[in-house]
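Me: I'm new to reading protein models. Can you walk me through one, feature by feature?

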4 protein chains.
Amino acid sequence: MTERSAAAGPRDRRSLSESTRVEAFSDGVIAIAITLLVLELRVPALDPKDPGRLASDLLHDWPHYSAYVISFLVIGVMWVNHHSVFRDIVRVDRMLMFLNLILLLSIAVIPFPTAVVAQYITGAPADARAAAVLYSVVSFLVGVSFSGVRLWTLAHPYLLSPTVNLAAARAVRRQLGFYVGGIAYALLIVVALISPIACMLGHVVMALYYVGERLPKHTTD
Amino acid sequence: MTERSAAAGPRDRRSLSESTRVEAFSDGVIAIAITLLVLELRVPALDPKDPGRLASDLLHDWPHYSAYVISFLVIGVMWVNHHSVFRDIVRVDRMLMFLNLILLLSIAVIPFPTAVVAQYITGAPADARAAAVLYSVVSFLVGVSFSGVRLWTLAHPYLLSPTVNLAAARAVRRQLGFYVGGIAYALLIVVALISPIACMLGHVVMALYYVGERLPKHTTD
Amino acid sequence: MTERSAAAGPRDRRSLSESTRVEAFSDGVIAIAITLLVLELRVPALDPKDPGRLASDLLHDWPHYSAYVISFLVIGVMWVNHHSVFRDIVRVDRMLMFLNLILLLSIAVIPFPTAVVAQYITGAPADARAAAVLYSVVSFLVGVSFSGVRLWTLAHPYLLSPTVNLAAARAVRRQLGFYVGGIAYALLIVVALISPIACMLGHVVMALYYVGERLPKHTTD
Amino acid sequence: MTERSAAAGPRDRRSLSESTRVEAFSDGVIAIAITLLVLELRVPALDPKDPGRLASDLLHDWPHYSAYVISFLVIGVMWVNHHSVFRDIVRVDRMLMFLNLILLLSIAVIPFPTAVVAQYITGAPADARAAAVLYSVVSFLVGVSFSGVRLWTLAHPYLLSPTVNLAAARAVRRQLGFYVGGIAYALLIVVALISPIACMLGHVVMALYYVGERLPKHTTD
């Protein structure tokens with residue numbers, strides 16, 4: 001507790017509200033990124049010489065709708081997990097703000113690989129592979145950034161709520177669960193090279209896996 | 001009440017704020033989706049060889065403005081109703097977060113069918129029908145997702161405010177009003193196949209219907 | 001005061017927070033609309049056969065930057081005034097939500113006439129006139145919607161804060177200041193037909209006029 | 001203290017919440033601007049006659065990804081600093097709202113020079129120079145607007161928190177640190193004319209410089 005008390009003090013009240021504001025800003029960025037996904041759904045071009053094709057054109061665009069649904073789930077689950085990570089954080093320092101900014105940078109870019117996958121997943125095999133690799137690399141960056149945020153706060157416990165059991169929280173660094181995200185997304189980069197479709201299904205599986213609570217609770221409330 | 005007390009306990013305070021944060025995130029997504037509608041309004045292309053046509057070009061685009069107004073009302077009313085549903089919810093579990101994510105996914109996609117309807121409603125009959133069907137299918141998904149959220153909370157009453165009269169709230173599942181949305185939007189899919197214009201007018205009527213309060217109050221405040 | 005007390009009662013606490021949530025939603029929509037303005041600024045097309053023209057291409061696009069600045073001020077000032085109007089509102093009913101939705105619909109559409117003006121204000125006279133008329137019609141709709149919100153709350157005083165001096169607040173309906181916005185924007189529609197540039201300068205003047213506080217205070221705090 | 005007390009009084013509570021609302025609105029605009037950056041990342045066009053080129057096309061677009069990362073950091077750091085500036089502000093007047101609006105206008109436009117730099121930085125030297133000048137001019141405007149907000153509040157101390165040590169806060173106006181941003185961004189405009197790439201690296205250095213806390217604390221909490 002001494003480690004924490006030393007750092008705490010007159011700035012407490014301000015820093016507390018700073019943590020709330022960082023969380024609100026992150027929520028805003030994630031909410032915008034998830035909603036911008038719809039802009040990648042293009043209205044089929046109207047060919048005045050060949051009308052009546054809208055229904056088949058819409059059905060033909062199924063990779064775009066699939067990509068929309070997958071990325072909506074992926075970003076939605078990231079939002080839930082961002083929330084879980086910040087639940088235990090009550091103060092922020094400049095480095096944590098910077099690490100969180102890198103995390104937001106990786107989440108906010110997801111509409112781009114989503115659009116690339118939607119466009120190329122049914123195309124030439126080399127293009128489908130490149131698209132799935134891009135998508136997996138971005139997911140891997142998100143996973144690494146999440147770990148960065150968590151490791152920084154574990155190493156600087158005065159950023160954490162006093163209700164967090166520090167020894168238990170730090171123990172996760174020696175547990176497999178902490179590394180599941182990073183390992184899985186690294187594997188999906190390899191899977192992308194073999195089967196782009198299997199890779200994208202892997203992202204769905206990962207999103208559904210993270211719908212469940214994967215962050216151990218170490219608070220004593 | 002026992003059902004509720006059993007589940008309540010040490011996590012109450014946290015879960016309460018979690019419900020607020022889910023609501024704020026949902027508000028953000030809906031506010032962004034409703035504002036993105038404007039991006040579907042295209043500036044008429046300038047033809048340097050035939051200037052002076054802007055006024056008639058703008059008037060010619062009336063289906064786009066109508067679609068903007070209709071979808072703005074539709075999403076606006078969905079926001080009000082999302083608010084009404086969450087008014088009684090004071091805790092969230094992972095499944096509720098997931099169901100709410102599906103609901104947001106369906107609301108956030110509305111700018112896409114809006115743009116499709118704006119482009120095709122005055123085109124070939126087959127295209128106009130396909131566009132109106134697409135719009136109605138999305139609305140139906142929104143209605144079903146709303147029901148999913150409500151049914152889940154009724155089945156897990158510890159998520160609800162203690163001021164909710166559970167017996168009365170659960171009775172809605174045996175009342176027609178609860179199913180009006182689903183039935184109406186399913187009917188509008190059929191109407192779309194007969195008259196796309198009538199279908200879109202039906203969506204206006206539904207939005208105006210939901211401007212009134214349709215969620216029965218069962219709280220004892 | 002009886003008029004107000006009659007309506008007040010058990011729903012007070014809930015309605016109060018509902019007013020805050022309507023305000024937060026409106027803030028969100030206005031913040032998004034003002035930020036979407038940047039999407040109308042297009043990167044000059046690169047002509048590989050004639051490089052080195054970016055500087056002159058950028059300077060040539062001055063109407064786009066002017067339109068961006070004008071609309072940013074216009075929407076920014078609308079945000080301030082929306083805030084002023086809702087400062088006195090502590091409860092919302094369904095009709096007020098609907099009127100506020102119409103107001104948001106008119107504000108959120110502003111990026112569209114902004115893009116039209118930017119594209120056509122330096123074009124053929126007939127096109128410049130049509131663009132300025134469109135811009136002024138949208139501004140007029142915003143003004144009328146603002147009046148609708150204010151008139152509704154004056155007619156339903158239980159929506160207003162108890163600190164509002166109702167007699168003084170209602171007196172504005174007999175004062176010229178209340179109608180300045182509507183009259184000025186109606187006049188600008190006419191000006192648009194004579195001189196589109198003068199019309200747009202008029203919008204700047206109106207925005208600067210509203211930077212000052214134009215809503216009389218009738219509260220007794 | 002008299003200067004402050006004179007201005008304070010019955011409006012305090014309202015003005016306090018007004019400051020919070022201005023901050024929330026600014027947060028919203030900045031969160032949207034930073035997330036809109038992703039829209040400048042374009043999916044490589046599919047050439048049906050020459051498939052299999054996605055990987056090389058993506059690698060070829062490295063200036064776009066670099067520009068995305070740079071501007072994400074730049075806007076992110078601006079958000080942190082906006083927060084630092086408003087930490088000491090507890091009241092807002094109309095002029096402060098107006099100055100903050102100019103600041104938001106300059107921040108919200110950043111996706112535009114970002115897209116211009118991404119498109120032209122590897123093009124003809126004259127175009128690369130023009131792009132980097134544009135980017136630096138916008139950054140300079142942001143810096144000047146920040147100074148405007150700070151100078152206004154220092155000249156009107158009743159806008160500041162009572163915990164601010166006014167003499168110490170005002171002393172910054174005679175210190176170099178206060179002018180570092182303005183001078184550096186003015187210099188980067190000149191650097192842009194010599195080496196556009198060096199200029200963009202300069203923006204990265206400035207962003208990293210501002211990751212550290214550069215606003216002296218003068219509060220007595």
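Me: Let's start with two helices touching. Which residues of H5(C) meet which residues of H7(C)?
Reply: Keep in mind that this is a predicted model. To read a helix contact, list who sits on each side. From H5(C) come Met95(C), Leu96(C), Leu99(C), Asn100(C), Ile102(C), Leu103(C), Ser106(C) and Ile107(C). They meet a set in H7(C) that includes Val138(C), Leu141(C), Phe146(C), Gly148(C) and Trp152(C). Sorted by class, the residues of this contact are 12 nonpolar, 5 polar and no charged.

Me: And at what angle do H5(C) and H7(C) pack?
Reply: For this you look at the helix axes and the way they point. Helix H5 of chain C covers residues 94-108, helix H7 of chain C covers residues 125-155, and the two pack at about 165 degrees with their axes 8 Å apart. An angle over 145 degrees counts as roughly antiparallel, and therefore H5(C) is roughly antiparallel to H7(C). The crossing where H5(C) passes H7(C) is left-handed.

Me: Who does the touching between H7(A) and H10(A)?
Reply: H7(A) brings Ala128(A), Arg129(A), Ala131(A), Ala132(A), Tyr135(A), Ser136(A) and Ser139(A). On the H10(A) side you'll find Pro196(A), Cys199(A), Met200(A) and His203(A). By class, that contact has 7 nonpolar, 3 polar and 1 charged.

Me: Let's zoom out. How many helices and strands does chain A have?
Reply: For a whole chain, count the secondary structure elements, then follow their order. Chain A has 10 helices and 0 strands, and along the sequence the pattern reads α-α-α-α-α-α-α-α-α-α. Next, check burial: 43% of the 221 residues of chain A count as buried. Contacts tell you about the fold too. Take those in chain A between residues at least 6 apart in sequence: 84% of them join residues at least 24 apart.

Me: How do I read a single residue? Say, is Val29(D) buried or exposed?
Reply: Count the neighbours around its C-beta atom. Val29(D) has 28 other C-beta atoms within 10 Å, and 20 or more is the mark for buried, so Val29(D) is buried. As for its place in the chain, Val29(D) lies in helix H2 (residues 12-36) of chain D.

Me: Which residues does Val29(D) touch?
Reply: Leave out residues up to four places away in sequence, and Val29(D) touches Ala31(C), Ile34(C) and Thr35(C) of chain C, along with Leu104(D) and Ala108(D) of chain D. Val29(D) and Leu151(D) are 122 residues apart in sequence, and their C-alpha atoms are 22 Å apart.

Me: Now the chains together. What rotation superposes chain B on chain A?
Reply: Chain B goes onto chain A by a rotation of 90 degrees with 0.0 Å of shift along the axis, at an RMSD of 0.0 Å. That is the relation of a four-fold axis. Chain C can be laid on chain B by a turn of 90 degrees, again with a shift of 0.0 Å and an RMSD of 0.0 Å.

Me: How many residues does the contact take from chain B and from chain A?
Reply: Count each side separately: 30 residues come from chain B and 28 from chain A. On the chain B side, H2, H5, H6 and H7 each supply at least two residues, and H2(B) gives the largest share, 8 residues. The side of chain B that touches chain A has 24 nonpolar, 3 polar and 3 charged residues.

Technical notes. Residues are numbered from 1 along each chain as its sequence is written. Chains are lettered from A and ligands numbered from 1 in the order in which they are written. This is a predicted model: local features need pLDDT of at least 70, side-chain atom pairs count only at pLDDT 80 or more; totals for chains, interfaces and linings use all residues. Copies are superposed by least squares on the C-alpha atoms of residues with pLDDT of at least 70 in both. Two residues are in contact if their C-beta atoms, placed from the backbone, lie within 7 Å. Helices (H or I, at least four residues) and strands (E, at least two) are DSSP runs, numbered from the N terminus. Ala, Val, Leu, Ile, Met, Phe, Trp, Tyr, Cys and Pro count as nonpolar, Asp, Glu, Lys and Arg as charged, and the others, Gly among them, as polar. Axes are lines fitted to C-alpha atoms, for helices over the stretch in contact, and angles run from 0 to 180 degrees between N-to-C directions. Angles under 35 degrees count as roughly parallel, over 145 as roughly antiparallel, 65 to 115 as roughly perpendicular and the rest as oblique. A crossing is left-handed if the near helix is turned anticlockwise from the far one by less than a right angle, and right-handed if clockwise. A residue is buried if 20 or more other C-beta atoms lie within 10 Å of its own, exposed if 12 or fewer, and partly exposed in between; C-beta atoms are placed from the backbone.
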